[in-house]
Every structure is written in structure tokens, then in C-alpha cells.
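I want to look up a few strands and helices here and jot down what turns up.

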Amino acid sequence: MERNVILCDLDGTLYQDGVPFDGIVESLNKLEQNGNDIYYMTNNSSLSINEYTQKLGEIGFPCAKDSIISPILTAKSYFKSSTYEYKNIYVSGSDSVKDEFFHGLQVTSDKSAPDCILMTFNKGLSYAELQKICEWINDGIPYFLTHIDLSCPTAKGPIPDCGSIGELIFKTTNIKPIDHFGKPGDHYSNFISKYIKNSNAYVVGDRIYTDGDVGVKIGAKTIIVLTGETKEPSSIEGITFYDTAVDFFDTL
Ligand SMILES: [Mg+2]
């Protein structure tokens, strides 16, 4: 029998502001006990994988270190490839995210003269750092974003995410980023494709244009729930709508 691989978005799908939706913890643990493989598919690059593992464990989600797929991993995979010439990368991010990015990567981080810049969802970004980054970009240094989400949902409404930081840089310099590493881009889609080989694959999320697109792109059964950004079901080929993730999990 084929195994089930379930790739779940986090914000707006399983929790909001780290507070799990009703019944989610029990439902995920039951799925895991029944032999389903669960992965958490986030675009959020403000936390490292270690920090996510700890956070999800504390909430009570079944979570191993390799259960979390973040754009930091897909970015690492890209920069590891010998096809790309960037060897001195400036990462704008938290210390833990930077440690994770550079760990095991044969590149340097000489801050005086980077050959490219990677912007994450850096909640510690200062004006001085932003100014320095724009000066480098004005000088022709290329930049990447971890992901293009404009906002991150919170209980107090949307807050600026990496995509908005990228827009600010673009509006300032008139230079676009080279690429990004989050959902629904090709780097992320190709990266998660390896998780679903020989399986019944499901992608569960709350954003049609990120989670929905990536699920359809990799050929997974794609579920959009109405607990986050999407409020109403619609008719989109390849996507099934459920009120909550628990409602869908109950069908497995
Ligand atoms: Mg979401």
C-alpha cells in the first residue's frame, strides 16, 4: 500500500500566531500514529529549523528535525550547487537563521564585499542595514529573497514579510531580485518533490496562490482550508476546499 505524505502549511492552516486551531494537535498526532508522514511546509524564514522544531514540539505537534521545509533549506540547496558562482553571500537575517544557512555550505560571509545578498524575513532589520544593502545593490550586487509573501498573518492583522522588504528595496533601487526560494517557486517545488516519491501526496494550506499552486505543480492532492487567508471556497481545478485542516484530516 502506498504511504500518505502530508505536506502542511503552518500559519493560517494549523495555527495562528503559534496558537493551534481547535483539534489540530490531536488530529496530527493521530495521523502520525496511523503511519502517515507529516511535513511542515513554511515560507517563514524568520525562524531557523531548530527554532521551529522546538516551537512545534512545545505546541504538541509531532515534529522531527527533518519535518520542516523552509526556504532557508531550498536557498542552501541552490547555493550549494556548483552551477552558481556566488561564494561570498551576505545574509540579512537573525543569527540563528544565518548560522543555519552557512552551516555546511562552502561559502564565506565577508561582509565588506559580498557577491550576492539573501534577504530573509528579518525581524531585526535596521535602517542602517537596509541602507548598506541598497548601496550594494546600487553598485550592482545581485540580491535574492527567501520568499515573496508580502505579509504574515497575525492576530493583530498582517505584518510586513520578506516580499514587502523586497518591494521596499525595489522601489528604492529600481532593481528587482534575481529569484526567490519559497512557495510556489520552482526551487521550492523541486525541493519538496523528492519528499513525495512513491506516495499518496497531499498539500494542505490556506493560500491558493502559494500552497495551492505548489500542490498542483508537484501533482499532489491539494487542499485549501478556510481558517487563514482564503475565506470562501471557489472552483479551481485540482484544489479541494475544506473548512478546517481537521475536517480534511478526518477523511484520511
Ligand atoms: Mg499560510
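This is a predicted model: local features need pLDDT of at least 70, side-chain atom pairs count only at pLDDT 80 or more; totals for chains, interfaces and linings use all residues.

Before anything else, a term I'll need: two strands pair if DSSP finds at least two bridges between them. Helices (H or I, at least four residues) and strands (E, at least two) are DSSP runs, numbered from the N terminus. Residues are numbered from 1 along each chain as its sequence is written.

**Entry: strand β12**

I started with β11 (residues 199-205) and β12, which pair in the parallel sense over four bridges.

Why is β12 largely enclosed? I count a residue as buried if 20 or more other C-beta atoms lie within 10 Å of its own, exposed if 12 or fewer, and partly exposed in between, with C-beta atoms placed from the backbone. Four of the five residues of β12 (residues 221-225) are buried, so the rest of the structure largely encloses this strand.

**Entry: helix α8**

Next I traced β11, helix α8 (residues 208-217) and β12, and they make a right-handed β-α-β unit. Right-handed here means that, with the strands pointing away from the viewer, the path from the first strand over the helix to the second runs clockwise.

Seven of the 10 residues of α8 are buried, so this helix too is largely enclosed by the rest of the structure. Among the buried ones I noted Asp-211, Asp-213 and Lys-217. What do the buried residues of α8 pack against? They pack against α7 (186-193), β11, β12 and β13; contact means that C-beta atoms, placed from the backbone, lie within 7 Å. After α8 comes Gly-219, with a positive phi near 75 degrees.

**Entry: α3 and α4**

I moved to helix α3 (residues 71-80) and helix α4 (residues 95-102), whose axes come within 9 Å and cross at roughly 35 degrees. Axes are lines fitted to C-alpha atoms, for helices over the stretch in contact, and angles run from 0 to 180 degrees between N-to-C directions. Which residues meet? I found Ile-72, Ala-75 and Lys-76 of α3 meeting Val-97, Glu-100 and Phe-101 of α4.

**Entry: the β6-β7-β8 sheet**

Three strands form an open sheet in the order β6-β7-β8, with parallel pairing. Its edge strands are β6 (89-92) and β8 (143-145), each pairing on one side only. The twist averages 20 degrees from one strand to the next. I checked β7 (residues 116-119) against β8: they pair in the parallel sense over three bridges, and Met-119 stands opposite Leu-145 in β8. Helix α6 (residues 162-173) lies across β7 and β8, at about 150 degrees to β8.

**Entry: Ser-164**

Last stop, a residue in helix α6: Ser-164. Buried, exposed or in between? Ser-164 counts as partly exposed because it has 17 C-beta neighbours inside 10 Å. Leaving aside neighbours within four places in sequence, I see Ser-164 in contact with Leu-150 and Ser-151. I also looked up Glu-129: Ser-164 is 35 residues from it in sequence and 16 Å away in space, C-alpha to C-alpha.

How values were computed: Two residues are in contact if their C-beta atoms, placed from the backbone, lie within 7 Å.
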